[in-house]
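Welcome! Try each task yourself before you read its solution.

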Amino acid sequence: MQTKSNPDEIESFLTDASFIRDGHADLVVIPETIDDVSETLARANRDRVPVTVSGAGTGTVGGRVAYGGIVLATDKLNHIENIVHDYHGGFAVVEAGVILADLQRAVDQQGLLYPPDPTERGCFVGGNVATNASGARTFKYGPTRNYVRQLKIVLASGEVIDLRRGEVHADANGRLRIGRSIELTLPDYRMPATRKNATGYFIAPEMDAIDLFIGSEGTLGVICEIEVRLLPKPEGLLSGVVFFSDEADVLALVADARKRAGARALEFFDNESLNFLREKYPNIPTEAVAAIFFEQETNEATEEAILNEWLQLLEHHHALTDSWFATNEQDQAKLREFRHQLPVLMNEWFAHYKQRKVSTDMAVPDDAFAGLFRLYKDTLRASRLRYTIFGHIGDNHVHVNILPRDDAEGARARELYVQFLKYAASVGGTLSAEHGVGKLKRDYLRLFYTDDQLRAMAGVKKALDPNGILGRGNIFSEDLLS
């Protein structure tokens, strides 16, 4: 187990993609085994020293930004233990610090697929589980939660628990027993009726105990080892970036594509997004004001029919003829790079202007998306601020990045952000669909939950972490834990 205390050595563990810059810690601990994690937490719990779990630093909400105490970095828990084939596809056992891209590459070589695909593939699998991460393929496959079969977790006390899906459930009254002696009663709030959600603790009647820890953002325990479900690798794939000269045609196509089962990804780019991307992709058609990125799996028997169906759909909705399509892996990689390039450009903007990130992550029910999208467009056009709208339109979940250049614009951007949040809350949406709450968004939880619901949620944390050492500042403000 390594430790670092020199300020110059620990600085890189105190930031993430939220661009919160005032984090500090006394010590960084880098465990190499689950016993190291247990020993560290037991000692910290005894001395009541805060512990912040650090993954790859790709999170956008300040989850790993510590304010004192110990940073527990999972970088050395980085082994793929095994990959196993079975009748349904297979499974893999990995440590929390395994990089997602490395896992995806390893299972691909075995003819298997791990479906979760957050935009930032340099993230750690443990971080994905801690935020119930999702991405473009969630449109077909759902979020990380759907693929977690088993977790090894170290609780705040240092106790190691092993949770396998299907073995431990809450009873009909919401009572749940965790580990050797922890008994708790789950809150009775309902999850939002959205396709994606990463806001607070997952709660459901007679729920599986494993689901409480998925999406808990390092506040209930340290995830050390994960067993994930794998699917057979698809035989083929059709993908495309399709351009439109009228945004209304894009929205009509999305509504139509949702009714037709098959696509595994359906992503949107507005005109402002295309303007940013033109810096690196000058071959984007000049008349294009919006675009869709799509993927659909094929095989030898279905490839031609699926291609023809998409061509008919795109012609019906007036897609531009100089759109881009790919059926081989090399060209598909280029289209995925196009899709992933915009978030990189956005992060470069925030870093250049030294502004805190102002980016929406809300999702709403199907029947509320059109209203939210209109609110985005009308408000942003009137604001005279720079912005982009892009992302997972198939899941009613697009990211608005408001791009302030100075503190005055930053203040205005945050005012608009709150306006968007209030609308999402009013129609039954969620604060965070995939990035989590962290420190950056915790104060907005009160728009989506009552104080009683938040205190009930905080009661779960106090049952599992009575000294409040884990993930201090993530999800909960101090008043909810007092």
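**Exercise 1.** Which helices and strands each supply at least two residues of the lining of the second largest pocket?

*Solution.* Before we start, note that this is a predicted model, in which local features need pLDDT of at least 70 and side-chain atom pairs count only at pLDDT 80 or more, while totals for chains, interfaces and linings use all residues. Residues are numbered from 1 along each chain as its sequence is written, and side-chain values use heavy atoms, with hydrogens and water left out.

Step 1: settle the terms. Helices (H or I, at least four residues) and strands (E, at least two) are DSSP runs, numbered from the N terminus. A pocket is found on a 1 Å grid over the protein atoms alone, as an open set of points where a 1.4 Å probe fits, with protein on both sides within 12 Å along at least five of seven lines; lining residues have an atom within 4 Å of a point.

Step 2: list the elements. They are helix H3 (100-109), strand S7 (112-113), S13 and H10. H3 gives the largest share, 5 residues.

Step 3: sort by class. Ala, Val, Leu, Ile, Met, Phe, Trp, Tyr, Cys and Pro count as nonpolar, Asp, Glu, Lys and Arg as charged, and the others, Gly among them, as polar. This lining has 7 nonpolar, 5 polar and 9 charged residues.

**Exercise 2.** Describe the largest pocket in the same way.

Step 1: the lining. There are 49 lining residues, with Thr58, Gly59, Thr60, Cys123 and Thr131 nearest the centre. Two or more residues come from each of strand S3 (51-54), helix H4 (125-131), strand S12 (222-232), H10, S18 and S19. H10 contributes the most, 6 residues.

Step 2: the classes. Here we find 16 nonpolar, 26 polar and 7 charged residues.

**Exercise 3.** In what order do the strands of the 7-stranded open sheet follow one another?

*Solution.* Strands of a sheet pair through backbone hydrogen bonds, either parallel or antiparallel. Two strands count as paired if DSSP finds at least two bridges between them.

Step 1: read across the sheet. The order is S16-S13-S15-S14-S18-S19-S17, with antiparallel pairing. Strand S16 (324-326) and strand S17 (358-359) are the edges, each pairing on one side only.

Step 2: zoom in on one pair. Strand S14 (residues 263-269) and strand S18 (residues 386-392) run antiparallel and are joined by 2 bridges. Phe268 has Gly391 in S18 as its bridge partner.

Step 3: Helix H11 (residues 369-383) lies across S14, S18 and S19, at about 160° to S18; axes are lines fitted to C-alpha atoms, for helices over the stretch in contact (heavy atoms within 4.5 Å), and angles run from 0 to 180 degrees between N-to-C directions.

**Exercise 4.** Is Thr388 buried or exposed?

*Solution.* Step 1: Thr388 sits in strand S18. Step 2: apply the cut-offs, where buried means under 20% relative accessible area, exposed over 50%, and partly exposed in between (1.4 Å probe, protein chains only). Step 3: Thr388 is buried, because its relative accessible area is 0%. Step 4: check its surroundings. Not counting residues up to four places away in sequence, Thr388 touches several residues, among them Phe276, Met346, His399 and Leu403.

**Exercise 5.** Compare the faces of strands S4 and S9.

*Solution.* Step 1: strand S4 (residues 70-73) is covered on both faces, with Ile70 and Leu72 buried on one side and Val71 and Ala73 on the other. Step 2: strand S9 (residues 160-164) has a covered face, Ile161 and Leu163, and an uncovered one, Val160, Asp162 and Arg164.

Step 1: find the partners. S4 pairs in the parallel sense with strand S2 (residues 27-30) over 3 bridges and with S3 over 4 bridges. S9 runs antiparallel to strand S8 (residues 148-154), joined by 5 bridges.
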